[in-house]
Amino acid sequence: METDPKDIELIERFLDNKLSEQESSDFFKRLNEDREFTKLVALRNALPDLLMDADNYQKIREEVKSTLNLQGGKRAFFHNPAQMALAAVVLLLIATVVILFVANEHEIFPFNKTENLASQNDTLMIQKKGGPDFKASKDIYYSPLNGAVFSSSDKIIFRWKPAHDSTFQFVIFQKDQPVIVYQKKMNPGQDSIMLPPGTIKPGDYQWSVGDKNTKRTFFIKPTVR
Amino acid sequence: MKIILTNFVTKFKKPVLIEKFSEEELVKGLEHGDGKIISFLYKRNIPAIRKMTSHYPNMIFEAEDVLQEGMTRMIMNVRSGKFQGRSSVHSYLYSICRNICFKQYAAVTTISMNDWVPELAEVNDSNYFDLLQLVFETKDRLDEKCVEIIDLRFRFKDKQASTSADSKLMDFEQIALLIGIKGDNARQRFSRCLEKLISAVKNAPGIDDLLTSGSYGN
């Protein structure tokens with residue numbers, strides 16, 4: 001049932017002692033007979049204390065909250081130092097794995113640049129099919145072996161004695177013909193290059209770095225499926 | 001004031017807080033809102049509250065929020081004298097927290113609030129705190145003019161007057177002078193504003209018990 005503001009006005013006038021004798025008499029009569037009105041009077045009397053308590057309740061709640069937040073007592077995600085340390089280690093490991101993965105994907109690490117250095121498998125392949133075949137002095141060599149044979153599905157690693165003084169060209173051309181099929185400018189100090197499978201068609205080729213007089217032959221045969 | 005003893009056999013387990021606060025110190029600390037006591041009580045009781053909240057099936061309670069609310073209610077009860085020291089501070093706080101959870105649990109399950117555990121009866125005043133929250137929220141939603149006239153009438157801003165028993169209410173003629181309207185208009189405005197508050201709380205759970213308990217409006 002709706003509360004009539006007029007009833008509240010009446011109660012306020014009663015509380016301020018502003019009712020006439022007749023109004024006062026009616027007020028008490030109604031208080032005895034009308035339960036809703038009795039409840040309204042009781043509620044009106046309780047409201048100042050209720051409002052005060054409600055205000056205190058909120059203030060205390062804020063006090064407790066700020067005390068706990070200030071003293072770091074609350075909202076600890078982990079509840080003891082061992083858990084915290086474990087979480088830190090796990091996070092660190094995850095971060096390391098992610099960084100390594102991303103770096104690997106983008107070939108940020110120099111040892112991972114496949115263009116310049118052979119992987120372990122490539123090295124095995126070189127040992128099998130290539131290896132130093134020419135030693136003009138104790139530390140000058142070239143690979144693969146002169147006349148080495150590769151399949152078109154092989155990655156071919158070319159190695160040579162690095163030249164530190166200037167840039168130079170790595171060139172592959174058709175055997176006995178001056179038709180260049182692949183060439184790349186090398187950086188000073190570069191001593192290898194990887195030719196991915198399928199870069200050049202099967203056939204007889206020669207390669208050289210810097211000086212065409214040091215050219216070596218190799219053969220790529222078609223892959224048998 | 002407190003000693004952290006570490007059990008060497010299980011030294012990687014959590015340190016055990018051994019309290020050096022007496023019951024009296026705890027009660028006084030709560031009464032005065034002592035940060036050290038509040039923080040101590042929180043740390044001392046949070047493991048038990050976490051364990052308790054985890055036992056409710058199909059309900060996820062934030063133990064930290066439950067304990068924070070429990071401590072708020074505990075302070076209210078200490079300050080109002082409802083806490084009479086029949087049980088220890090920790091037991092009382094635990095019971096309040098259990099009531100908070102039980103009430104929320106009962107609201108979403110078929111369990112009746114009549115299934116209240118007898119030992120909790122002492123602190124079964126959840127309705128009262130819900131009512132305070134409702135009163136606060138309702139007042140918060142009132143417009144500024146309403147809040148102003150209610151505060152003036154009940155002398156909430158006038159600490160000196162609110163403590164003297166003989167002048168608890170401000171006369172509407174005085175209010176009218178302060179806010180620049182006529183006395184009758186001030187009474188009408190106050191009545192309209194109070195009606196909004198009364199309508200919001202008059203059917204709230206526990207209001208009848210509260211009004212008949214005699215603890216308000218005397």
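This is a predicted model: local features need pLDDT of at least 70, side-chain atom pairs count only at pLDDT 80 or more; totals for chains, interfaces and linings use all residues.
Reader: What makes helix α5 of chain A the element of lowest confidence in that chain?

Author: The value used is pLDDT, the predictor's confidence in each residue, from 0 to 100. Helix α5 (residues 120-129) of chain A has a mean of 41, the lowest in the chain, whereas helix α2 (residues 21-33) of chain A has the highest, at 94. Over residues 113-140 of chain A the pLDDT is below 50, although this stretch has 45 contacts in the model beyond near neighbours in sequence, a contact being two residues whose C-beta atoms, placed from the backbone, lie within 7 Å. For chain A as a whole the mean pLDDT is 77, with 73% of its residues at 70 or more.

Reader: Why are β2 and β5 of chain A said to stand at the edges of their sheet?

Author: Strands (E, at least two residues) and helices (H or I, at least four) are DSSP runs, numbered from the N terminus, and two strands pair if DSSP finds at least two bridges between them. The open sheet of chain A has five strands in the order β2-β8-β7-β4-β5, with mixed pairing. Since β2 (148-151) and β5 (180-186) of chain A each have a single partner strand, one side of each is left without a neighbour in the sheet.

Reader: What makes β7 and β8 of chain A a pair, and in which sense do they run?

Author: Strands β7 (residues 203-209) and β8 (residues 216-221) of chain A are joined over five bridges, in the antiparallel sense, and the definition asks for at least two. Within this pairing, Gly203(A) stands opposite Ile220(A) in β8(A). Strand β3 (residues 156-160) of chain A likewise pairs with β6(A), in the antiparallel sense and over four bridges, and Met194(A) in β6(A) is the bridge partner of Ile157(A).

Reader: Why is Asn17(A) called exposed, and why is Arg155(B) called partly exposed?

Author: Asn17(A), in the loop between α1 (5-15) and α2 of chain A, has 7 C-beta neighbours inside 10 Å and therefore counts as exposed. Arg155(B), in the loop between α6 (144-153) and α7 (159-163) of chain B, has 18 such neighbours and so counts as partly exposed. Asn17(A) has a positive phi near 60° without being a glycine, and Arg155(B), also not a glycine, has a positive phi of about 55°.

Reader: How do you know that chain B touches chain A, and which element gives the most?

Author: In the model, 37 residues of chain B are in contact with 38 residues of chain A. Helix α9(B) gives the most to the side of chain B that touches chain A, with ten residues.

Definitions and conventions: Residues are numbered from 1 along each chain as its sequence is written. Chains are lettered from A and ligands numbered from 1 in the order in which they are written. A residue is buried if 20 or more other C-beta atoms lie within 10 Å of its own, exposed if 12 or fewer, and partly exposed in between; C-beta atoms are placed from the backbone.
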